[in-house]
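Let's take a look at how charged and aromatic side chains pair up here. Have the structure open as you read.

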Amino acid sequence: PLSYPAFQKWFLNLTTKQAVKYAYKIITPSQTTKDDLIKYFNCSREKIQVTYFGRNQQLITNSSQLSQRKKQILYIGRIEEKKNIKNLLKAFQFFSKKFPDYKLILAGKPGYGFENIQYSISNIQYLGYVSQEQKDRLLYESSCLVLISKYEGFGFPILEAFSHNLPVLASDIPVLKEIGQDACLFTSPKSPQDIAQKLEQVTQDENLRQDLIAKGKIRLEDFN
């Protein structure tokens with residue numbers, strides 16, 4: 001609830017209650033979202049159909065592209081409270097003390113709580129909203145993708161990372177574990193220290209990286 005302004009919370013609750021009451025069928029992008037509708041809005045289980053989002057199956061196969069990875073950690077999404085950006089920045093500060101040559105790239109438009117986010121070290125780069133072309137380039141170039149949200153309905157950047165042979169560090173919330181399964185490295189979104197430790201693993205352990213990339217290719221096949 002602290003991730004939304006008062007009016008938006010009221011509006012979201014009102015429109016969701018109306019949908020639950022009047023919709024003939026409700027399509028959710030994850031089992032987690034279905035479970036939440038049943039738990040918090042007393043929605044009929046039979047009314048909800050889980051239908052995962054799909055992703056273009058094209059993968060990078062050119063080895064020269066894969067060798068162009070830079071020492072940068074990529075985040076894609078709105079810069080807001082729900083996405084847990086504050087803990088990501090704290091974690092990256094810990095990580096940077098040991099690996100100062102890495103950058104953190106934040107790609108996404110401002111959201112609720114953006115004005116309260118402080119950037120205290122120079123190797124954090126905020127790009128704002130990026131085009132599809134820019135996003136693809138960042139996915140080609142980066143060392144890993146990080147998505148440590150407090151809550152998601154699906155987690156589409158995980159699939160984008162899988163399709164670009166990019167290992168993923170994700171928060172261990174139910175929906176991201178549902179989507180990523182064994183193809184992601186998971187961390188506690190509440191612990192900057194744990195996030196920093198897992199960032200070190202996913203950027204420095206080449207065996208782990210290759211294992212996650214291979215599993216990501218397999219997992220992506222479930223989202224055609």
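Before getting to the pairs, one cut-off: a residue counts as buried under 20% relative accessible area, as exposed over 50%, and as partly exposed in between. R137, at 39% relative accessibility, therefore lands in the partly exposed class. Keep in mind that this is a predicted model.

**Salt bridges**

How many salt bridges does a search of the whole structure find? The search turns up 13.

| Salt bridge | N to O distance | Relative accessible area |
|---|---|---|
| K71 and D101 | 2.6 Å | K71 45%, D101 42% |
| R78 and E80 | 3.0 Å | R78 34%, E80 8% |
| R137 and E141 | 3.3 Å | R137 39%, E141 15% |

Start with K71 and D101, whose side chains meet in a salt bridge at 2.6 Å. K71 sits in the loop between helix 3 (63-66) and strand 3 (72-76), while D101 sits in the loop between helix 4 (85-98) and strand 4 (103-107), so their pairing ties together parts that are 30 residues apart in sequence. K71 is partly exposed, and D101 is partly exposed too.

With R78 and E80, the two ends fall into separate classes: R78 is partly exposed at 34%, whereas E80 is buried at 8%. Their closest N and O atoms are 3.0 Å apart.

Back to R137, then. What separates R137 and E141 along helix 5? They are four residues apart in that helix (residues 132-141), which means a separation of about one helical turn. E141 is buried, with a relative accessible area of 15%.

**Aromatic pairs**

Now for the rings. A pair of aromatic rings is described by the distance of the centres and the angle of the planes. Counting ring pairs with centres within 6.5 Å gives 12 aromatic pairs. Take F154 and F156: their ring centres lie 6.1 Å apart and the planes make an angle of 35 degrees, so this pair is tilted. Is F154 buried or exposed? F154 is buried, at 4% relative accessible area, whereas F156 is partly exposed at 26%.

Ring pairs join F154 and F156 with Y52, F53 and F223 into a cluster.

Conventions
Residues are numbered from 1 along each chain as its sequence is written. This is a predicted model: local features need pLDDT of at least 70, side-chain atom pairs count only at pLDDT 80 or more; totals for chains, interfaces and linings use all residues. Side-chain values use heavy atoms; hydrogens and water are left out. Rings of Phe, Tyr and Trp (its six-membered ring) pair if their centres lie within 6.5 Å; planes under 30 degrees apart count as stacked, over 60 as edge-to-face and the rest as tilted. Buried means under 20% relative accessible area, exposed over 50%, partly exposed in between (1.4 Å probe, protein chains only). A salt bridge is a side-chain nitrogen of Lys or Arg within 4 Å of a carboxyl oxygen of Asp or Glu. Helices (H or I, at least four residues) and strands (E, at least two) are DSSP runs, numbered from the N terminus.
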